[in-house]
Amino acid sequence: MEHIVFAHDLTRADRVVLETLATDYSDHLKAKEKGNPDSAYASASDTEKTGKEETNTNNTNGAKGGVNKDAGGCQKASATRTDAAVTHLSALNDPKSPSFEPSITNFFDLADLQSFQWLPPSLLSAYQQWATSLIRVPTDILMITHLLIYFSTTVPSAFYLLFVRFSWPHAILHAILNGWYVGTYTLMMHQHIHMRGILTKDKLCTRVFDAVFPYVLDPLMGHTWNSYYYHHVKHHHVEGNGPDDLSSTIRYQRDEFSEFAKYVGRFYFLVWLDLPLYFARKGRYEQAAKAAFWEYGSYAMYVAMWKFAPGGGKAVFWTMVLPLMVLRVALMVGNWGQHAFVDDEEPESDYRSSVTLVDVASNRHCYNDGYHTSHHLNPLRHWREHPVAFLKGKETYAANNALVFHNIDYIMITVRLIMKDYMTLAKCMVPIGEFQMNMTLEERAAYLRRHTRRFTEEEIKVKFGKKAN
């Protein structure tokens with residue numbers, strides 16, 4: 001318990017989730033100290049000594065990783081606590097509930113905004129009403145907020161650099177500002193590509209703007225046109241970190257810098273070719289043509305702007321090329337962290353090949369991106385529903401030995417792995433299920449280390465079957 005940290009700026013949902021998990025763990029430790037553990041399993045040590053798990057934990061029937069259904073008070077208290085948390089968080093997401101709370105900005109919750117004396121309540125209410133009329137899901141007012149910010153800062157700044165006057169101080173400040181924006185923008189677009197839009201379909205103007213704005217903002221934020229959609233939705237979620245996934249981590253030793261460099265390098269220099277060829281190999285020729293068209297069309301646009309824009313090559317580099325160079329590294333650093341820990345028993349399981357993060361950077365500023373397992377379980381699940389879905393499925397997560405971390409983001413997971421700093425990762429791990437709860441800190445570190453091992457081609461054939469062919 002001493003390693004669980006509650007950051008002051010956790011979202012309300014994350015605080016509820018972490019409090020629920022922390023109390024489960026605390027109850028388990030208290031019961032164990034009294035000599036009346038709520039588990040039939042005395043320790044994780046026996047498994048750690050052999051380096052093997054004796055049971056298949058991909059079930060909810062009281063296997064080693066899960067919840068002992070015959071246990072008493074702790075489980076009942078946990079179930080009651082979890083039900084209350086689910087009810088509370090569901091009400092925050094329900095526009096019909098008196099407790100409904102839309103997200104207006106990523107930095108402040110609605111209660112914080114309402115407490116600001118300098119912000120007139122009538123102005124906040126008017127903005128909320130206006131934005132709600134434009135957005136597709138009533139919780140998502142912050143997407144309107146962000147679009148207003150991008151079109152009032154990034155777009156005019158880039159236009160000035162490209163078509164009016166280039167200056168080095170302006171270009172550097174522009175790059176810094178966009179570097180601050182890009183994570184939140186990318187995860188807003190993550191919602192856009194899965195939901196096929198974020199604005200209401202009830203108005204022609206919002207339908208048109210929803211379809212057009214990515215073609216303006218994407219190049220300024222480091223994305224080539226539609227590449228995120230084709231790589232992420234049409235490819236990554238189809239393959240699910242399996243052997244045919246171009247961004248799969250299973251063929252790499254995930255705590256070695258040289259392996260990480262090869263992984264990033266492959267995507268960085270070859271995705272323009274790999275993705276269309278992937279679709280072609282799968283017989284999806286139309287998608288191959290579209291992926292190639294939009295990727296190469298983006299490059300052609302860069303060249304045209306380089307040649308004809310008054311700001312010239314310097315302006316194009318700072319407004320488009322540099323963001324592309326940075327983002328493509330960042331995307332792979334993040335994906336490495338999301339899929340670094342893969343269980344060698346069932347690497348196909350979404351529970352066992354991805355992680356859940358309860359942290360500020362991923363969830364407050366990036367649309368609950370920390371709930372990556374929940375996202376893989378249901379790619380169409382709305383971002384505000386991830387904490388609720390996680391709590392509803394908590395026992396299933398535990399039964400599958402799913403990994404949950406807190407107080408760390410995907411980038412720092414990647415950094416700590418390359419440093420082989422498994423003790424810090426073990427401290428950030430939030431134990432769920434009795435098997436994990438019975439682990440010492442050292443056992444957690446050893447457990448995490450085993451999950452970063454490279455799979456051999458023979459293992460891939462055995463574990464993935466037809467997918468490896």
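The model is predicted. Its secondary structure comprises 23 helices and two strands.

Overall dimensions were computed from the C-alpha atoms. Along the principal axes, these atoms fill a box of roughly 75 × 60 × 40 Å. The radius of gyration is 23 Å. A compact globule of 469 residues would have a value near 23 Å, so the protein agrees with that expectation. Of the 469 residues, 56% are buried.

Helix α6 spans residues 141-152, and helix α9 spans residues 204-220. Their axes come within 12 Å. The crossing angle is roughly 45°. Angles under 35 degrees would count as roughly parallel, and those from 65 to 115 as roughly perpendicular. The two helices, α6 and α9, are therefore oblique to each other. The crossing of α6 past α9 is left-handed.

From α6, the contact involves Leu147, Tyr150 and Phe151. From α9, Phe209, Phe213, Val216 and Leu217 take part. The residues of this contact comprise seven nonpolar ones, with no polar and no charged residues.

Note on methods: Residues numbered from 1 in each chain as written. Predicted model: local features only at pLDDT ≥ 70, side-chain atom pairs only at ≥ 80, totals over all residues. Heavy atoms only, no water. Axes fitted to C-alpha atoms, helices over the stretch in contact; angles between N-to-C directions. Helix = DSSP H or I, 4+ residues; strand = E, 2+ residues; numbered from the N terminus. Parallel < 35°, antiparallel > 145°, perpendicular 65-115°, else oblique. Left-handed = near helix turned anticlockwise from the far one by under 90°. Contact = heavy atoms within 4.5 Å. Nonpolar A, V, L, I, M, F, W, Y, C, P; charged D, E, K, R; others polar. Rg over C-alpha atoms; globule rule 2.2 N^0.38 Å. Buried < 20%, exposed > 50% of the residue type's maximum accessible area, 1.4 Å probe, protein only.
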